[in-house]
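I opened the notebook to record what I looked up, one item at a time. The whole chain comes first, then single residues.

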Amino acid sequence: MKDQPQTNISHRIAIVGRLGVYPMIRLSLPGRRLLAYLALRRQPVARGLASAQLWPDVPEETGRANLRRALWHVPRGWIETIGDELVLQAESDLELAHQIAARALAGDSLALDEIALLSNDILPGWHEEWVLAEQDAFHMLRVQALESACRTMAASGQFGLAIQAGAAAVDAEPLRESAAEALIDAHLVQRNRYQAVQCFRLLAQRLDDELGVEPDPLLAARVLGAGLANRRAR
């Protein structure tokens, strides 16, 4: 049975929001890409797969040579080779973000720093093929988690945190009606009718500009019930 690697918790890597390594080390561009790639994968990766995905437009032997050079540029202790697999020896904030998102989707409340972590995408500005699918998947996960956390915390009276989570969800997906609805409901349950109608008006404007449609009639009726939404026409 193959021994399982033990993660070195003195090393940390961040890829949610931006790439960062702690403690700070000097890295070449290939070394940065390799660490980001392994943190994104969240599991050991075969050398052949890593080289093929990191350097897809070169011959296989060239890709493997590039991988060897990238490994050489990463300081010792960050990546371990076990057989033919590369194992990241560091904690990743992406793993933490997934754990936080899972808790939110299960109905748990979130702390402010957890909301802040879920308010960022993976490696924004990176457009390589090996990043794109994971970016899209995590983006949707975090929006769903923030929306769920908004509803959970509004229901339990944690209004400040609920509004922070709801605002982050809307900021990530401005046309997502369910996220706007969660934020509007959080404002209404706190009796902040002005903020609720402002959110509704902004959603209505965005939907009209982008899609030529109106918000869900049920949401409109709820805001109208607060006696404010119809003042837009006055």
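I began with burial: 42% of the 234 residues of the protein chain count as buried, where buried means under 20% relative accessible area, exposed over 50%, and partly exposed in between (1.4 Å probe, protein chains only).

I noted that this is a predicted model, in which local features need pLDDT of at least 70, side-chain atom pairs count only at pLDDT 80 or more, and totals for chains, interfaces and linings use all residues. Residues are numbered from 1 along each chain as its sequence is written, and side-chain values use heavy atoms, with hydrogens and water left out.

**Whole chain**

Along its principal axes, the C-alpha trace spans about 70 × 35 × 35 Å.

I then looked up contacts, meaning heavy atoms within 4.5 Å. Of those between residues at least 6 apart in sequence, 61% join residues at least 24 apart.

**Gln135**

I found Gln135 in helix H6, which covers residues 129-155. Is Gln135 buried or exposed? Gln135 has a relative accessible area of 13%, so it is buried. A polar atom of its side chain lies 3.1 Å from the backbone oxygen of Trp126. Apart from neighbours within four places in sequence, Gln135 is in contact with Ile122, Leu123, Pro124 and Trp126.

**Backbone exceptions**

I wrote down the background first: most residues other than glycine have a negative phi, and most peptide bonds are trans.

I checked the peptide bond from Tyr22 to Pro23, and it is cis, with omega near 0°. Pro23 sits in the loop between strand E2 (20-22) and helix H1 (29-41).

Arg42 is not a glycine, yet its phi is positive, about 65°. I placed Arg42 in the loop between H1 and strand E3 (45-46). Its relative accessible area is 39%, so Arg42 is partly exposed.

Arg191 is not a glycine either, and has a positive phi of about 70°. I located Arg191 in the loop between helix H8 (177-189) and helix H9 (193-211). Arg191 counts as exposed because its relative accessibility is 74%.

How values were computed: Helix = DSSP H or I, 4+ residues; strand = E, 2+ residues; numbered from the N terminus. Polar contact = N/O pair within 3.5 Å; in protein donor to acceptor, adjacent residues only side chain to side chain.
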